[in-house]
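Subject: The structure you asked for

Hi,

Here is the structure I promised to pass on. Have it open while you read, and my notes on it follow below.

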Amino acid sequence: MSIEFILDGRKVTAEPGQTILEVARANGISIPTLCRDEKVSRTTSCFVCVVRDCKTGKFLPSCSACPAPGQEIDASGDDVREMRRTALNLLLSEHTGDCEAPCTVACPAHAAVEEYVRAGREGDFRKALEIIKKRIPLPMSVGRVCPRFCEKNCRRNVYGKPVAINEFKRLAADLYYDEYMEELPALSGKKVAVVGAGPAGLSCAYYLRRAGVAATVFDAMKAAGGMLRYGIPEYRLPKHAILDRELAHFGKMGIAFDFGRKLGENLSLDELRKNFDAVVIAVGCWQGSGMRCPGEELATVGIDYLRSIPEADYVAPNPGKVIVVGGGNTAMDCVRTSVRLGSPDVSCFYRRTEAEMPAEKLEIAEAREEGVKFTFLVAPVKLEKRGGKLVLTCRKMELGEPDASGRRKPVEIPGSDYEVEADTVIAAIGQKSDIPAGVPVNRFGYADAPRGAAKLSDGLYAAGDCLSGAATVVEGLASGRRAAEEILRDVCGMDVEIDNPIYVSRGKWQHLKKSDLVFVRDGVSEAERAELKMIPQEERRTTFKETTFTMDKETVQREGDRCIGCSCTDKAECKLRKHAAEYGCDPEKIKGARLPVSYDTRHPLIIQDRGKCIKCGVCVKTCAEVINRNLLGIKKRGFNTFVATAFDAGFAGNCSDCGACIEACPTGALDWRNKK
């Protein structure tokens, strides 16, 4: 006889023996579950599928609880969702694994690093490029100028040097960029104006077009590229051989460009709003900061100095003796450019020590190799002109307590002033954005959008440096993609997949031992890291020719053999991650002890990673009830519980490799070793 009860405010019926979960599914009500598998007997270990009995207030596991006549069940209310969130957070608090490899998490664009490295290792660099371009639309440029966030977080740092990840990107793009074309859907009829043809604006237009939305990019300059063209020197990024070749692809995609148009001068926001469905402001940071001392107007602004060189087609006068004030990447570009223009004496003055310099260590080392001199713990006090020379008064500094940036604050040493002469003084202190009128700004002078968002007001968005402050190219690309995704959702009504925010991690490499690493692959190479070859040092000093060569395929493939492959093999299908993301969980919400890393790779095909196990017991029941083998069992009790074979002898010799336990596991604690 059927049972009638109330489920989420409506009357439903259940057959005798049916669970609340089964009835909910039959009525289109979604309830998450991890431990429920239709092939095995009921279990209630995860408590993720809870519902609430409205009369008693009790929470019930819907996967085993059967309804009673007249019972009223809440399966979707706020209290129920909060209880499920708590259950998921508890599971995450003991879950020790890597949802993504730390290289992917570190990449601002969240490029699938491990996947494109794997494709390169297997020799399929065209596939590698396809993976890369899902998140990095300018791989030729990024392959040359990226600060390599991925490599700084590579797990190979635990016991050696990181994998040369960037070279996979550079080689794949150099080999196949011209022949590769994305699948482009028909245009939807929506149109978006993008103001600024730098990395963020180009990225935004790219992802809009990939979704079928027409984009027109406006820029004040006579060619596209933004900082790529006018801020990054030729020796790092060749403009004709690389950048122009790369940008030609955008035209092939149907993205339109309108140059010599500056917002606030010969282009108005009202005009754009009238003619387009949305407008994106991506004007970058083109205003340099001064030295904040008397006479600062006599100094050349770093970004202006760099921009003047390509505008003059690299025919520029010898700047004489040069002093560059600053310690970032712009400062390094300025000193190295000065060397190439023939300066006989180039110095970099920085108010902290080399350890605190924000410039990339590789850039500092290469500048030093090219003859640049560094003076640390010194700050400008005054700049004046005397007898045709610039005279910079400097004051010595010492490091005090850490400031808001975490670096030790430079403190003046009274009575330590001294003077130094130069022909050119360049201020490479920092950059800011000149936001056009009509665009809302915050107290810092940047486009005013909620943290992590791009929307400024209805139909108006921002991306890149004018939103975040001066950042890297790859960060600009990521910002442009986020703006495009917001437009696709808000303006075009598209269902856009967002990044999965759940990233459980074993920890940063600085806190790990080699024994903490899970070696899924056999034969991980222990060879030394391959290094980029460079043109001769003397040639570097006298020419703007690109300083490095792209690695050959064989070298890059061998470098791929060094990759541990440390992300979760089940990351695309993990139910715990899926439900945790759906319920807005936080892996750090509930803190406590975690079990030590423990994994078994004795079987040639199967890996057991106990740190990922949530002790649901589904694998044990599957082996016993479905396969009739009883190979797996629960060992110990309480916090130290784990799943293993008899005497923890491992799978080898006993297992038939059927994969039933792997298919049943909701978290990848059991998985195929070489899963593609």
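Let's start with a cysteine: the sulfur of Cys-574 sits 6.0 Å from the closest cysteine sulfur, the one in Cys-568, and that is too far for a bond. A disulfide here means a pair of cysteine sulfur atoms within 2.5 Å. Cys-574 is also buried, at 8% relative accessible area. (Buried means under 20% relative accessible area, exposed over 50%, and partly exposed in between, using a 1.4 Å probe and protein chains only.)

Before going on, two notes on where the values come from. This is a predicted model, so local features need pLDDT of at least 70 and side-chain atom pairs count only at pLDDT 80 or more, while totals for chains, interfaces and linings use all residues. Residues are numbered from 1 along each chain as its sequence is written, and side-chain values use heavy atoms, with hydrogens and water left out.

Back to the cysteines. How many disulfides does the rule give? The count comes to zero. Cys-154, for instance, is in no disulfide, as its nearest cysteine sulfur, that of Cys-103, is 6.5 Å away. Cys-154 counts as buried too, at 9% relative accessibility.

(Helices, H or I with at least four residues, and strands, E with at least two, are DSSP runs numbered from the N terminus.) Is Arg-155 buried or exposed? With 3% relative accessibility, Arg-155 counts as buried. Its side chain makes a polar contact with the side chain of Asp-98 at 2.9 Å. A polar contact is a pair of N or O atoms within 3.5 Å; within protein, one must be able to donate a hydrogen and the other to accept it, and residues adjacent in sequence count only if both atoms are side-chain atoms. Leaving out residues up to four places away in sequence, Arg-155 also touches others, including Trp-509, Leu-512 and Cys-566. (Contact means heavy atoms within 4.5 Å.)

Now the cores. A nonpolar core is a set of buried Ala, Val, Leu, Ile, Met, Phe, Trp, Tyr and Cys residues joined through side-chain atoms within 4.5 Å. The largest one has 82 residues, and among those with the most contacts inside it are Tyr-116, Ile-165 and Phe-250. Helix 17 (residues 473-490) gives the largest share of this core, eight residues. Domain 2 (102-180 + 502-561) and domain 3 (191-286 + 433-490) both contribute residues, so the core lies between them; the domain bounds come from an automatic or database domain assignment. A second, separate core of 24 residues includes Ala-331 and Cys-348.

There is a sheet to find as well: an open one of five strands, in the order 11-19-12-13-14, with parallel pairing. Strand 11 (300-301) and strand 14 (373-376) stand at the edges with a single partner strand each, so one side of each has no neighbour in the sheet. Strand 12 (residues 322-325) and strand 13 (residues 346-350) pair over four bridges, with Val-346 as the bridge partner of Val-322. (Two strands pair if DSSP finds at least two bridges between them.)

Last stop: helix 21 (residues 618-626), where Val-618, Cys-619, Val-620, Thr-622 and Cys-623 are buried. The buried residues of helix 21 pack against elements including strand 25 (632-635) and helix 22 (660-664). Just after helix 21, Asn-628 takes a positive phi of about 60°.

Cheers
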